[in-house]
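Visitor: I am new to this structure. Please take me through one part of it closely, then show me what lies around it.

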Amino acid sequence: MTVHHLSRTDARRLAVRAQLLTAERPAGVLETVRGLTMLQVDHTASVAPSADLVLWSRLGSRYDPGELADAVDGLALLDVQGMIRPAEDLVLYRAEMAQWPGPDPQPWQASRAGWLRDNAGCRQDILDALRADGPLTARELPDTTVRPWRSSGWNANRNVPMMLELLVESGDVAAAGRRGRDRLWDLAERVYPADDPVPVEDARRLRDERRLHALGIARSRGAQCPVEPVDVGTAGEPAVVDGVRGEWRVDPALLDAPFTGRTALLSPFDRLVHDRRRMAELFAFDYALEMFKPAAARRWGYYALPVLHGDRLVGKVDATADHAAGVLRVDAVHEDGAWSPAVRADVADEIEDLARWLGLELRLGARTR
C-alpha cells in the first residue's frame with residue numbers, strides 16, 4: 001500500500017478541509033452534522049452551547065439554533081451519550097449496545113453493570129413506565145433502586161439519571177427531544193431507526209472510516225476516549241508528516257481536493273482542536289480550556305475561542321455573552337505571533353458576525369486590538 005508523504009501544511013489543510021472549515025461552506029445543519037459525524041453536547045453558555053458554536057463556525061450567522069433543536073426533536077438527529085449523531089448512523093452502534101458492557105469490560109464498566117443488575121427491579125419499572133406513558137422526563141420516572149448510586153462527584157444519589165445513562169449505553173432507552181428545558185426519554189425501539197444493526201466488527205470498521213473522513217488525518221491508535229475515539233484503526237491509508245514522528249492514517253479521497261481557507265472562531269470542543277496531541281503536532285498550537293482553572297491562573301480566558309486562519313491556528317478570543325446586559329464582551333484577543341492587518345480585519349469580521357448571530361451589541365475591552 002502506498003505511504004503518503006505530507007508536509008505539515010498538507011496535513012493541516014487535510015484536517016481543515018475534512019472539518020468543513022474552508023471557504024466553501026456546507027449547505028445546512030443536517031449536511032454539516034453528517035459531514036462531521038457528530039456534535040459534542042456541552043451546554044456551557046459563556047458564549048453559546050458548543051454544538052451551536054460548531055455549527056455557527058461552519059454556517060455563519062445564517063445558522064438558527066432552532067434548526068438543530070427541530071432536527072433533534074424530529075429525530076433526524078439523535079442525542080446519544082452526549083453526542084448528536086445522524087439518525088441513520090445508529091445502525092453502527094446498536095449491536096455493540098446490545099452486548100454492553102461487552103465480553104471483556106474494564107473494571108469501571110463492570111461496576112456500572114453490577115449496579116444495573118442489583119437494581120433490576122428499578123430498571124424494569126422505568127421501562128414499564130416509558131412503555132405505558134413515554135416519552136417522559138427523568139423527574140416523572142420512578143426511583144425504586146435498592147442500592148443507591150454512590151460516587152465521589154456530582155452523581156451521588158442521582159439514581160434515575162444514572163439509571164437512564166446506563167440504559168442508553170445498553171440500548172434500551174433513548175433521548176427523545178425536550179419538553180421545555182427537560183430532556184425526554186423513551187424506549188429506544190420507538191426512537192432509533194428500525195433498520196437491522198450492523199454486526200459489531202463491521203460497525204467498528206465503518207465508524208473508523210467515517211471518523212477518518214471527518215478528521216482527514218488521524219493516528220491509528222490514541223488515548224482511550226470511550227464515547228468518541230480520536231484514533232481510526234486501519235481506516236484509510238498510511239502517511240508520514242514531515243517533522244512529526246510516527247505513522248498517520250489519511251483519507252485518500254480528500255488528498256487532492258483544492259483548498260481555499262478562511263477565518264473562523266472555534267468552540268473549545270471543536271473536533272479540529274479536541275485531540276490536543278494532534279493539534280500540537282500538526283498546528284503547533286498552545287491551547288487549553290481554562291474554565292476549571294482559578295481566574296488568576298488563566299492565560300487566555302474562561303472560555304477562549306481558538307482562532308483559525310487559513311490552515312493555521314493563530315490565536316484565541318476571550319469573549320463572554322452577557323444576555324442580561326445585551327452585549328457580547330470581548331475582553332482580549334490573543335495573537336500567537338504578530339498578525340498582519342489583514343488577519344486582524346478578518347478576525348474582527350468574525351467577532352462582529354458572532355455578535356450579530358447572538359443578537360448582542362459588541363463591546364470591546366482594553367486588551368483587544
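Visitor: Let us start with the strands. Which residue stands opposite M83 in β4?

Guide: It is Q40 that faces M83 of β4. Keep in mind that this is a predicted model. Q40 belongs to strand β2, residues 39-40. Strand β4 covers residues 83-86. The two strands run antiparallel and share two bridges.

β4 has another partner. Strand β3, residues 77-80, pairs with β4 over four bridges, again in the antiparallel sense. Here L77 stands opposite P86 of β4. β3 and β4 form a hairpin, with two residues between the strands. Look at Q81 in that turn: its phi is positive, at about 55°.

Now move to another set of strands. β1 spans residues 4-6, and β9 spans residues 237-241. They pair in the parallel sense, over three bridges. Find H5: its bridge partner in β9 is V240. β9 also pairs with strand β10, residues 244-250. That pairing is antiparallel, with four bridges. In it, P238 stands opposite R249 of β10. Between β9 and β10 sit two residues, and the pair makes a hairpin. G243 lies in the turn and has a positive phi of about 80°.

The largest nonpolar core has 70 residues. Within this core, L68, I217, L272 and L354 touch the most other members. Helix α13, residues 341-358, is its biggest contributor, giving seven residues. Domain 1 (2-86 + 201-252) and domain 3 (261-362) each supply at least three residues to this core. Leaving aside residues up to four places away in sequence, its contacts include L6, V241, W248, R249 and V250. I217 also touches R278 and L282, among others. There is a second, separate core of 38 residues. Among its members are V80, W115, A129 and L166.

The structure holds three cavities of 30 Å³ or more. α10 gives the most, with three residues.

Methods
Residues are numbered from 1 along each chain as its sequence is written. This is a predicted model: local features need pLDDT of at least 70, side-chain atom pairs count only at pLDDT 80 or more; totals for chains, interfaces and linings use all residues. Side-chain values use heavy atoms; hydrogens and water are left out. Two strands pair if DSSP finds at least two bridges between them. A nonpolar core is a set of buried Ala, Val, Leu, Ile, Met, Phe, Trp, Tyr and Cys residues joined through side-chain atoms within 4.5 Å. Buried means under 20% relative accessible area, exposed over 50%, partly exposed in between (1.4 Å probe, protein chains only). Domain bounds come from an automatic or database domain assignment. Contact means heavy atoms within 4.5 Å. On a 1 Å grid over the protein atoms alone, a cavity is a set of points where a 1.4 Å probe fits but cannot get out, and a pocket is an open set with protein on both sides within 12 Å along at least five of seven lines; lining residues have an atom within 4 Å of a point. Grid points are joined across faces, edges and corners, and a volume is the space filled by probe spheres set on the points.
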